[in-house]
Structure formats: C-alpha cells, structure tokens
Amino acid sequence: MKILVVEDEPKVASFIKKGLEEELHEVEVAYDGFVGKEMALSNSFDLLILDINLPHMNGIDLCKTIRKENVKVPILMLTALGTTDNKVLGLESGADDYLVKPFEFRELVARVRALSRRSAQEDSKVYKIADLEMDPSAKVVKRSGKQIDLTAKEFSLLEYLLKNKGKVISRVDIAEKVWDIKFDTGTNVIDVYINFLRKKIDKGFSPKLIHTLVGMGYVLKEGD
C-alpha cells in the first residue's frame, strides 16, 4: 500500500516508515498538519496514519478536513492520549481506528492490515448510473450490458466521476485526484481524456452521461 504518515517526532516517524517499508509498503512522511493536509489532498494514498498533536494543524482538524473533501481513505490515529473521551473524539472526527502510544510495532501492522482488508471490501462495490455499471475489483465496465474496454487512466477517470456522480468536478480536481499532479493550465490532457471517455461510454448510447459545465468542469449525471 501507499501510506502517508503525519508525525512530528522524527524518531517515531522514522521508526514507522522503516518498519512499514520492511512490510513492503510505500511510505511518505509529513512532519506537520498543514503539509500533511496538502499531501493527503493532492495525492492518492491507500492509508493515512495521523498523530493528533501536530504543529500548524492538529490531527483531529486534519482528519475532519480530509473527510470534508469526501476523501474515503482509511485513517489510523496515533496519540499519547488514551482516555475514552480522546478515543471517541478521534473516531468522531472521521478516523477509522485509534492506536495509543507507546505501541508495539506488530500491533500497528495488524491494524494496518485490518484497515486494508476493510478498504478492499469497500472497493468491491459496483458503481451504477443509468445503464452504466463499473465493477472496480473486476476492472469491468458495461453499458446496456455491453462490455467497454478502457485504458487504465480512462478507468481511473470514470471511477472518479462515478464516485462523485451528480457533483461538478473541476479540471484541477481531476488532475490532482486521477493524475496525482498539480494542474498545469497550459495542458488540455483532461479534456482529451474526457473526450476519449465520451466516445466509449456515451457515443451510441442514451442518455448522455458526461456533461460539460463551461468554466466549471464536468459532471456525470442523467439528463441535461
């Protein structure tokens, strides 16, 4: 998995990073809440590990901010505060699990694996709109029962639109969530891939599902 660790104590961050990399995970580290927020919202991670007592933005506020952006990534909270009230506060902010410091590394690994399994089960969900269906686990897309072949990037783009159906998605959102890049206003790559997708899932079918809102972005919905 690709994991982001937001931890301001360098020794603890290094310990977690080294241990998880030995478990064959890809790990990135942020040392304060603000940087952690920027990294979490501009990249695609499979798991976030957040300390609560962080400079610039604490882990509770960071977790709430991430959830407000509709990011579904599993979040594991780390803290030295082990009271029931603190655990409840962490979970109510949107965290999926809570681990009190000091902890044994094998317990951290067990919790990471449990969250990974839970996330995989959620990914087994089939997304639908009108007669369009996507099964992310099987990597299959069908419209009116006809299977549609998509490239990996087209699949990721359609999955992002399906997860946010009915919502207006800007080019910046797509660039950062699907391409993992900061948006370059000098490129039309987003528009090109939207057109690729339209030809495959809209051409020859009714109703049209991908709509352009000039100056705003795109929306996946039925009807005009």
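Trainee: How many bridges join strand 7 to strand 8?
Mentor: The model is predicted. In it, strand 7 covers residues 132–135 and strand 8 covers residues 140–143. The two run antiparallel, and the number of bridges joining them is 4.

Trainee: Which residue of strand 8 does Glu133 stand opposite?
Mentor: Strand 7 is made of residues 132–135 and is joined to strand 8 by bridges. Glu133 has a residue of strand 8 opposite, and that residue is Lys142.

Trainee: Which are the edge strands of the sheet?
Mentor: The sheet is open, with 4 strands in the order 6-7-8-9 and antiparallel pairing. An edge strand pairs on one side only.

Trainee: What angle does the direction of helix 6 make with that of strand 7?
Mentor: Helix 6, residues 152–163, packs on the sheet. The helix touches strand 6, strand 7 and strand 8. With the direction of strand 7, its own direction makes about 110 degrees.

Trainee: Which element gives the most to the largest nonpolar core?
Mentor: This core has 25 residues, and Leu132, Leu158, Leu162 and Ile174 have the most contacts inside it. Elements that each supply at least two of its residues include strand 6, strand 7, helix 7 (171–178), helix 8 (189–201) and strand 11 (217–220). The greatest contribution, 6 residues, comes from helix 6.

Trainee: Which residues does Leu158 touch, leaving out those up to four places away in sequence?
Mentor: Leu158 is among the residues with the most contacts inside the largest nonpolar core. With residues up to four places away in sequence not counted, Leu158 touches Leu132, Met134, Val141, Leu150, Leu197 and Ile201.

Trainee: How many residues does the other core have?
Mentor: Another core lies apart from the largest one. Among its members are Leu48, Ile60, Cys63 and Ile75. Its residue count is 22.

Trainee: What do the buried residues of helix 7 pack against?
Mentor: A residue counts as buried when its relative accessible area is under 20%. In helix 7, Ile174, Ala175, Glu176 and Val178 are buried. The buried residues of this helix pack against helix 2 (33–42), helix 6, helix 8 and strand 11.

Trainee: What percentage of the residues of the protein count as buried?
Mentor: The secondary structure comes to 8 helices and 11 strands. The C-alpha trace spans about 60 × 35 × 35 Å along its principal axes. Of the 224 residues, the share that counts as buried is 42%.

How values were computed: Residues numbered from 1 in each chain as written. Predicted model: local features only at pLDDT ≥ 70, side-chain atom pairs only at ≥ 80, totals over all residues. Heavy atoms only, no water. Pairing = 2+ DSSP bridges. Contact = heavy atoms within 4.5 Å. Axes fitted to C-alpha atoms, helices over the stretch in contact; angles between N-to-C directions. Core = buried A, V, L, I, M, F, W, Y, C linked by side-chain atoms within 4.5 Å. Buried < 20%, exposed > 50% of the residue type's maximum accessible area, 1.4 Å probe, protein only.
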